Amino acid sequence: MTRFTGLSLRLRGLLFFALLAVGSIVVVGLALWVGYLRVAASGAMSGFVFAAVLAGFGLVALTSGIWFLFDENVARPIERLASGLRTQGQVGSTPMPRAIWAFWPRPPRRCRNS
């Protein structure tokens, strides 16, 4: 997963939902294929009901997996950032933790009082 850390947050979000879309198509296609294989054994209605149930569970599993990745890579870093900003706002003069600066393109320049 370290190769994706260099990508922007928006691009990673796009990749998550693109994976969800492609994965959904694959899950439904595989479920219909398995249902089609059951048609010869037990009838058309049974095969397509089985395919619908299989596709439903597959989509729930896929969505849960994508949610986990989104939570790990987007929601938790944003919570850490917000927590650091709240802490700095309440304390006042303490510098921000180093992990927070990972979200800025570069650390701000220090002003020199001359």
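The largest nonpolar core consists of five residues: Phe16, Leu20, Leu62, Ile66 and Val74. A nonpolar core here is a set of buried Ala, Val, Leu, Ile, Met, Phe, Trp, Tyr and Cys residues joined through side-chain atoms within 4.5 Å. Buried means under 20% relative accessible area, exposed means over 50%, and partly exposed lies in between (1.4 Å probe, protein chains only). This is a predicted model, in which local features need pLDDT of at least 70 and side-chain atom pairs count only at pLDDT 80 or more, while totals for chains, interfaces and linings use all residues. Residues are numbered from 1 along each chain as its sequence is written, and side-chain values use heavy atoms, leaving out hydrogens and water.

- Helix H1 (9-42) and helix H2 (44-91) are the elements that give two or more residues to the largest nonpolar core.
- H2 provides the largest share of this core, three residues.
- Helices (H or I, at least four residues) and strands (E, at least two) are DSSP runs, numbered from the N terminus.

**The chain as a whole**

- The protein chain has two helices and zero strands.
- It has 114 residues, and 19% of them count as buried.
- Its accessible surface is about 9000 Å², and 67% of that belongs to carbon and sulfur atoms.
- Accessible areas come from the Shrake-Rupley method with a 1.4 Å probe; for residues, only the protein chains shown count as cover.
- Among contacts with a separation of 6 or more, 46% are between residues 24 or more positions apart.
- Contact means heavy atoms within 4.5 Å.

**How the helices pack**

- H1 and H2 pack at an angle of about 165°, and their axes are 7 Å apart.
- H1 is therefore roughly antiparallel to H2.
- Roughly antiparallel covers angles over 145 degrees; under 35 is roughly parallel, 65 to 115 roughly perpendicular, and the rest oblique.
- Axes are lines fitted to C-alpha atoms, for helices over the stretch in contact, and angles run from 0 to 180 degrees between N-to-C directions.
- The crossing of H1 past H2 is right-handed.
- A crossing is right-handed if the near helix is turned clockwise from the far one by less than a right angle, and left-handed if anticlockwise.

**Residues to look at**

The contacts below leave aside neighbours within four places in sequence.

- Phe16 is in contact with Ile66, Leu69, Phe70, Asn73 and Val74.
- Val74 sits in helix H2 and counts as buried, at 9% relative accessibility.
- Val74 contacts Leu9 and Phe16.
- Val74 and Leu9 are 65 residues apart along the chain, yet their C-alpha atoms are separated by 7.4 Å.
- Leu62 is also in helix H2, and its contacts are Leu20, Gly23 and Ser24.
- Leu62 and Ser24 lie 38 residues apart in sequence and 7.4 Å apart in space, C-alpha to C-alpha.
- Asp71 belongs to helix H2 and is buried, with a relative accessible area of 16%.
- Asp71 touches Arg76 and Pro77.
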